[in-house]
Amino acid sequence: MMDMVAASQAVVPEAKLVALLTQATKDTFSAANDIAEESAEPEEDEAIELELSSVDVTPAQAQGDIDPELLDIFLEEAQELVDSISASLDAWQSDKDNLIQVAELQRDLHTFKGGARMSEIDAIGDLAHELEDLYEGLSLGRLSTTNQLFDLLHLCHDRLAEMVNALANQQAI
């Protein structure tokens, strides 16, 4: 049949091939439905156990590795973004249906990530990128809000604030 398509000829369906493809499609959808039913989402208060793999941790980034002019520009903007992100996260947690706050968080984190990458502060850029991906998943409905998720988000945002404060105090992050 594909030869006919490639040669711009009229396609004559083969009944046997169509029947095989139809059956294969039904089997695939049936298997997908079985898997979906087995993997129901955990309830709000149900604990989620995560299995973490080992991670190679890179050494802390020293203050001297960062261009001082870029660092000053980054720190000025970063503190404002940390405050804005914190306020947006708190507002969203109190009104979980307000996706405007999620969009605001995504924008702030995108700006934060860009400034960190431009200043070559990889640790902050990487964490901001991962958080931005989480918020994208939330805004697209791939992830749902739970108390554990908000705990994780607060921990990550606290870590970003700690990293910015360490840089402001001329400490390694």
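Predicted model: local features only at pLDDT ≥ 70, side-chain atom pairs only at ≥ 80, totals over all residues.
**Overall layout**

The chain has six helices and zero strands. Read along the sequence, its pattern is therefore written α-α-α-α-α-α. Of its 173 residues, 26% count as buried. Among contacts between residues at least 6 apart in sequence, 64% join residues at least 24 apart.

**Two helix pairs**

Two packed helices are described by the angle between their axes and the distance between the axes. The table gives these values for two pairs in this model.

| Helix pair | Axes come within | Crossing angle |
|---|---|---|
| H4 and H5 | 8 Å | roughly 155° |
| H3 and H6 | 10 Å | roughly 160° |

Helix H4 covers residues 99-118 and helix H5 covers residues 122-139. An angle over 145 degrees counts as roughly antiparallel, and H4 and H5 are therefore roughly antiparallel to each other. Their crossing is left-handed. On the H4 side, the residues that meet H5 include Val102, Leu105, Leu109, Phe112, Lys113 and Ala116. On the H5 side, the residues in the contact include Ile124, Gly125, Ala128, His129, Leu131, Glu132 and Tyr135. By class, the contact of H4 with H5 has nine nonpolar, five polar and six charged residues.

Helix H3 spans residues 68-94, and helix H6 spans residues 147-168. H3 and H6 are also roughly antiparallel, because their crossing angle is over 145 degrees. H3 passes H6 in a left-handed crossing. From H3, the contact includes Leu71, Phe74, Leu75, Ala78, Val82, Ile85, Leu89 and Trp92. From H6, the contact includes Phe150, Leu153, His154, His157, Ala161 and Val164. By class, the contact of H3 with H6 has 14 nonpolar, five polar and one charged residues.

**A cluster of rings**

The structure holds three aromatic pairs. Tryptophan 92 and tyrosine 135 form one of them, with 6.1 Å from centre to centre and 65° between the planes. This pair is edge-to-face. The pair links distant parts of the chain, since tryptophan 92 is in helix H3 and tyrosine 135 is in helix H5, 43 residues apart. Tryptophan 92 counts as buried because its relative accessibility is 1%, and tyrosine 135 is buried with a relative accessible area of 0%.

Tryptophan 92 also pairs with phenylalanine 150. The ring centres of tryptophan 92 and phenylalanine 150 are 4.7 Å apart and their planes lie at 55°, so this pair is tilted. Tryptophan 92 lies in H3 and phenylalanine 150 in H6, so the pair ties together parts that are 58 residues apart in sequence. Phenylalanine 150 counts as buried, at 0% relative accessibility. Ring pairs link Trp92, Tyr135 and Phe150 into a cluster.

Trp92 and Phe150 are both listed in the contact of H3 with H6, while Tyr135 belongs to the contact of H4 with H5.

Lysine 113 is found in helix H4. Lysine 113 is buried because its relative accessible area, 15%, is under 20%. Leaving aside its neighbours within four places in sequence, lysine 113 is in contact with Gly125, Ala128, His129 and Glu132. These four residues are also listed on the H5 side of the contact between H4 and H5.

Aspartate 158 lies in helix H6. With a relative accessible area of 44%, aspartate 158 is partly exposed.

**Two residues with positive phi**

Most residues other than glycine have a negative phi. Glutamate 120 is not a glycine, yet its phi is positive, at about 65°. Glutamate 120 lies in the loop between H4 and H5. It counts as exposed because its relative accessibility, 54%, is over 50%.

Glutamine 170 is another residue other than glycine with a positive phi, near 60°. The place of glutamine 170 is in the segment after H6. At 62% relative accessibility, glutamine 170 counts as exposed.

Technical notes
Residues numbered from 1 in each chain as written. Heavy atoms only, no water. Axes fitted to C-alpha atoms, helices over the stretch in contact; angles between N-to-C directions. Parallel < 35°, antiparallel > 145°, perpendicular 65-115°, else oblique. Left-handed = near helix turned anticlockwise from the far one by under 90°. Contact = heavy atoms within 4.5 Å. Nonpolar A, V, L, I, M, F, W, Y, C, P; charged D, E, K, R; others polar. Buried < 20%, exposed > 50% of the residue type's maximum accessible area, 1.4 Å probe, protein only. Phe/Tyr/Trp six-rings, centres within 6.5 Å; stacked < 30°, edge-to-face > 60°.
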